[in-house]
Amino acid sequence: MTITLESHHALMRRLVFSILSVVALSSAMATLLHYLEPATAPINLIAPPFLFLNSIVLSLYLYRYPHQIARVVNLACLGGILLVAGPSWWFTLRAFLNTEVTLIHTLPPLTSALFLLDILLLIALRPQHLIWAATVLWGAIAGPVLVYLLLNPRELLAMRGLDLSISLGPAMVIQLILISFYNRLRQTIECLYAERLHYANKILERQIIRRHAIEQVRDQLHNGPLQSLAILLRDLQSQPLSREEIVERLGCLNSELRAVGRISTGKTTVKPEIINDSSPKGHSYSQSWLDIDTLVRQVLPEASDHMLRLGEGSKVDLSRSLHYLLTEVYVITVKRPLPHFQTIDIKVRNFAPFADDFLNFDMKRDICLWLEEALCNVGKHACGATRLTAIGHYDDVHQRYCLSVRDNGTGTIPQDRPARLGDRLAMQLGGQFHWQNLDGGGVLCQLTWPVDVSQPQA
């Protein structure tokens with residue numbers, strides 16, 4: 001959509017440049033010819049030079065400020081009307097007051113300028129102002145000439161008089177009718193374009209919500225039931241388990257899967273609704289669309305309640321400050337019965353507070369899920385770990401917040417899952433993510449993002 005609008009803007013700019021260039025060239029030639037005439041009217045030595053200067057100045061202004069197309073076109077129309085209507089009234093009044101002067105022999109060729117100004121009005125004005133503006137323009141330029149010709153039949157019946165009367169009379173009326181038709185056609189196209197854009201936005205919103213829902217369900221499955229399943233498979237490979245214990249743990253796994261399913265799909269069925277009040281210009285559409293708010297509550301009910309469900313089933317309130325959320329996620333996650341959490345003796349956590357008003361609920365949700373997964377990876381992969389460090393601090397030098405999880409175990413983290421989740425979150429926050437297996441043992445996962453609009457709190 002941005003490409004379409006930018007192309008349209010560039011096309012309009014080139015069109016206005018072309019018109020101003022032709023007007024500048026024509027007015028320069030007219031100025032030169034009038035100065036070479038042995039005797040010419042004073043108005044001919046004033047209007048063309050000013051029209052030339054007006055076109056040059058507006059061209060330079062449009063080159064300097066390419067987004068001011070509307071202002072340039074409005075000023076061009078105003079200057080053209082004044083510099084074209086002025087000669088029309090001047091020559092007509094002179095012919096009225098001086099019987100020795102005929103209008104058909106002294107009036108400059110204003111018909112072409114009138115048609116050009118009508119074209120500029122089509123570009124500059126809104127559809128609701130176009131008809132009356134074109135009518136006023138016609139009356140201001142062609143009105144005095146037609147009145148004079150009707151009062152002077154002798155000049156009217158001359159070849160130039162017939163040409164002026166036809167071009168400024170019936171031809172202009174036909175042009176006004178065409179302008180009216182163009183105006184209605186333009187309004188219809190704008191309504192159709194707004195309607196299609198409205199449909200496209202609704203489809204895009206639904207796709208974004210569905211993709212976000214799939215990502216959250218995937219994260220909840222990975223941080224919850226899949227962790228339990230991995231532990232069960234590892235225990236089955238390392239030691240024999242009784243049938244009763246296997247059934248019990250499979251039952252817990254079944255409960256976790258069903259809990260994720262209930263939260264991600266909801267218990268009620270959403271009915272399609274007709275969107276009437278949100279459509280552009282009051283138009284109602286016959287096609288049924290799912291209401292976006294209802295869809296959010298159906299797919300992600302915790303999003304509407306500002307709640308996040310962690311992998312083990314607990315919920316946290318995302319309306320709280322981020323450092324409180326990180327502390328709560330840490331405390332809940334390290335209590336989970338993951339095998340390598342049992343060997344950790346030293347647990348260090350410190351999540352420094354900072355102004356996080358710029359973070360919305362979706363950002364907070366993803367950051368909390370990232371921390372939960374980083375901690376779960378320690379509990380599942382960090383063999384023999386005795387120390388776990390989770391720190392979040394504000395970097396004054398680089399104006400960013402750094403969140404890291406570190407252990408001293410001997411295991412390594414699979415490269416695909418953490419990198420994919422961390423890179424996606426870093427891209428959303430405009431920050432950086434990296435993880436590495438440390439030389440002395442252990443793994444470091446770190447996520448940083450800029451905090452340009454906030455300052456650290458005391």
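**Figure 1. Helices α2 and α3 run roughly antiparallel to each other in this predicted model.** Helix α2 covers residues 47–64 and helix α3 covers residues 69–97. Their axes come within 10 Å and cross at roughly 180°. An angle over 145 degrees counts as roughly antiparallel, and α2 and α3 are therefore placed in that class. On the α2 side the contact is made by Ala 47, Phe 50, Leu 51, Asn 54, Leu 58, Tyr 61 and Leu 62. On the α3 side the partners are Ile 69, Arg 71, Val 72, Leu 75, Ala 76, Gly 79, Leu 83 and Pro 87. Sorted by class, the contact of α2 with α3 holds 12 nonpolar residues, 2 polar ones and 1 charged one.

**Figure 2. Ser 55 is a buried residue of helix α2.** The relative accessible area of Ser 55 is 2%. Buried means under 20%, so Ser 55 falls in the buried class. Leaving aside residues up to four places away in sequence, Ser 55 touches Leu 20, Val 23 and Ala 24.

**Figure 3. Helices α3 and α6 pack roughly parallel to each other.** Helix α6 is formed by residues 127–151. The axes of α3 and α6 lie 9 Å apart, at an angle of about 15°. Angles under 35 degrees count as roughly parallel, which is why α3 and α6 are described in that way. The crossing of α3 past α6 is left-handed. From α3, the residues in contact are Ile 81, Val 84, Ala 85, Ser 88, Trp 89, Thr 92, Ala 95 and Phe 96. They meet Leu 137, Ala 140, Ile 141, Pro 144, Val 145, Tyr 148 and Leu 151 of α6. The contact of α3 with α6 comprises 13 nonpolar and 2 polar residues, with no charged residue.

**Figure 4. Helices α10 and α15 meet at an angle of about 5°.** Helix α10 runs over residues 225–238 and helix α15 over residues 361–381. Their axes are 11 Å apart. With this angle, α10 is roughly parallel to α15. Gln 227, Ala 230 and Arg 234 are the α10 residues in the contact, and Cys 376, Lys 380 and His 381 are those of α15. By class, the contact of α10 with α15 divides into 2 nonpolar, 2 polar and 2 charged residues.

**Figure 5. Arg 365 is a buried arginine in helix α15.** The relative accessibility of Arg 365 is 1%. Since buried means under 20%, Arg 365 is assigned to that class. Met 307 is 58 residues away from Arg 365 along the chain. The C-alpha atoms of Arg 365 and Met 307 are separated by 8.5 Å.

**Figure 6. His 323 lies in helix α14 and is buried.** Helix α14 consists of residues 322–334. His 323 has a relative accessibility of 13%, and therefore counts as buried. Apart from residues up to four places away in sequence, His 323 touches Phe 351, Ala 352 and Pro 353.

**Figure 7. Gln 399 has a positive phi value in the loop between β4 and β5.** Strand β4 covers 387–395 and strand β5 covers 400–407. Phi of Gln 399 is near 55°, a positive value in a residue other than glycine. At 28% relative accessibility, Gln 399 counts as partly exposed.

Figure 8. The chain has 458 residues, of which 42% count as buried. Among contacts with a separation of 6 or more, 70% are between residues 24 or more positions apart. The accessible surface comes to about 25,400 Å², and 62% of this surface belongs to carbon and sulfur atoms.

Note on methods. Residues numbered from 1 in each chain as written. Predicted model: local features only at pLDDT ≥ 70, side-chain atom pairs only at ≥ 80, totals over all residues. Heavy atoms only, no water. Buried < 20%, exposed > 50% of the residue type's maximum accessible area, 1.4 Å probe, protein only. Contact = heavy atoms within 4.5 Å. Areas by Shrake-Rupley, 256 points an atom, 1.4 Å probe, with all protein chains shown as cover. Axes fitted to C-alpha atoms, helices over the stretch in contact; angles between N-to-C directions. Helix = DSSP H or I, 4+ residues; strand = E, 2+ residues; numbered from the N terminus. Parallel < 35°, antiparallel > 145°, perpendicular 65-115°, else oblique. Nonpolar A, V, L, I, M, F, W, Y, C, P; charged D, E, K, R; others polar. Left-handed = near helix turned anticlockwise from the far one by under 90°.
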